[in-house]
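I opened the notebook with the model on screen.

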Amino acid sequence: MTNYIELTNFIKKNIDIEDADLKMVLSYFKTIKKSKNEILLSNGKNSQVSYFVKKGCLRLFYIDEHGKDITRYIAFENQFATELVSFITNEPAQETIQVIENSELLYISHHDFRHLMTIVPKWKDFYSIYLEKAYVNNSKRLLSFTALDASERYKQLFKISPNIVKRLPNKIVASYINISQETLSRIKSKI
């Protein structure tokens, strides 16, 4: 499974897992390549796949009631991405998953993900850690929207996730920190 070295390292970083169990987990993942701007999941469809970014970038976004594009999550290399609410509940997704850069992804179906939790007990631990990290990440982002002004949000983003600022277009960066492109340009010109 040398093709899965990044995923192997990611799993081992989060849980202590026996080699045989790890081999079993990896056997359920498949590889796909996707081109920039492809849609992996459309709003309103059920999310039945979880993606691991081996190379490239994905974003999860939605369109608000005013037609504004809001980016909620960005996944670069060595990160998972899925429309988690839909993945858990099997209800239609509220968000879209878009490929932002040409990407190589590993993916696992919801069915296989759940099946692994029954045959590899450590996979439940992995899932628990994943959910906790997602909750913490979302809570911190929500707090930043209420506690920080636009300039502070940009500075925090640059400090915590410089790849977002360095690799992505201003339109997506602005959408991610919930400001206009014009405001982002003004902030960047002052820094």
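**Entry 1: aromatic rings**

Which residues form one aromatic cluster? I found F10, F29, F52, F80, F87, F113, W123, F126, Y127 and Y130 in it.

Before going on, I noted the ground rules. This is a predicted model, so local features need pLDDT of at least 70 and side-chain atom pairs count only at pLDDT 80 or more, while totals for chains, interfaces and linings use all residues. Residues are numbered from 1 along each chain as its sequence is written, and side-chain values use heavy atoms, with hydrogens and water left out.

My pairing rule takes rings of Phe, Tyr and Trp (its six-membered ring) with centres within 6.5 Å; planes under 30 degrees apart are stacked, over 60 edge-to-face, and the rest tilted. By this rule I count 13 aromatic pairs. F29 and W123 make an edge-to-face pair, 6.4 Å centre to centre with 75 degrees between the planes. The pair links distant parts of the chain. F29 sits in the loop between α2 (19-27) and β1 (30-34), and W123 in helix α5 (residues 121-147), 94 residues apart. I took helices (H or I, at least four residues) and strands (E, at least two) as DSSP runs, numbered from the N terminus.

Next I looked up accessibility. Buried means under 20% relative accessible area, exposed over 50%, and partly exposed in between (1.4 Å probe, protein chains only). F29 counts as buried because its relative accessibility is 3%. W123, at 0%, counts as buried too.

F80 and Y130 form an edge-to-face pair as well, at 5.8 Å centre to centre and 70 degrees between the planes. This pair also links distant parts: F80 is in strand β5 (residues 80-81) and Y130 in helix α5, 50 residues apart. Both F80 and Y130 are buried.

**Entry 2: charges over rings**

I then checked for charges over rings (NZ of Lys or CZ of Arg within 6 Å of the ring centre and within 35 degrees of the ring normal). R59 lies over the face of F61, 3.9 Å from the ring centre. R141 lies over the face of Y176, at 3.8 Å.

**Entry 3: nonpolar cores**

A nonpolar core here is a set of buried Ala, Val, Leu, Ile, Met, Phe, Trp, Tyr and Cys residues joined through side-chain atoms within 4.5 Å. The largest has 25 residues. L7, I11, V25, F29, F80 and W123 have the most contacts inside it. Two or more residues come from each of α1 (5-14), α2, α3 (84-89), β6 (96-109), α4 (110-119) and α5. Which element gives the most to this core? It is α5, with four residues.

Leaving out residues up to four places away in sequence, I11 touches I17, L22, V25, L26, W123 and F126. A second, separate core has 18 residues, including A150, L157, L168 and I172.

In α4, I listed H110, D112, F113, L116 and M117 as the buried residues. Their cover includes α2, α3, β6 and α5.

E104 lies in strand β6. Is E104 buried or exposed? E104 counts as buried, because its relative accessibility is 17%. Beyond its neighbours within four places in sequence, E104 is in contact with N3, T31, I32, K33, F52, V53, K54 and K55.

L184 belongs to helix α9 (residues 181-190). L184 is buried, at a relative accessible area of 0%. Its C-alpha atom is separated by 6.1 Å from that of A174, ten residues away along the chain. With residues up to four places away set aside, L184 touches Y154, N170, V173, A174 and I179.

**Entry 4: the whole chain**

I count nine helices and six strands. The C-alpha trace spans about 55 × 30 × 30 Å along its principal axes. Buried residues make up 44% of the 191 residues. Of the contacts with a separation of 6 or more, 70% join residues 24 or more positions apart.

Last, I checked the record. UniProt lists residues 16-117 as "domain: Cyclic nucleotide-binding", in an unreviewed entry. UniProt positions are in the numbering used here, feature names are shortened, and annotations may be inferred rather than shown by experiment. Over residues 16-117 I read 23% helix and 45% strand, with the end C-alpha atoms 15 Å apart.

Notes. Contact means heavy atoms within 4.5 Å.
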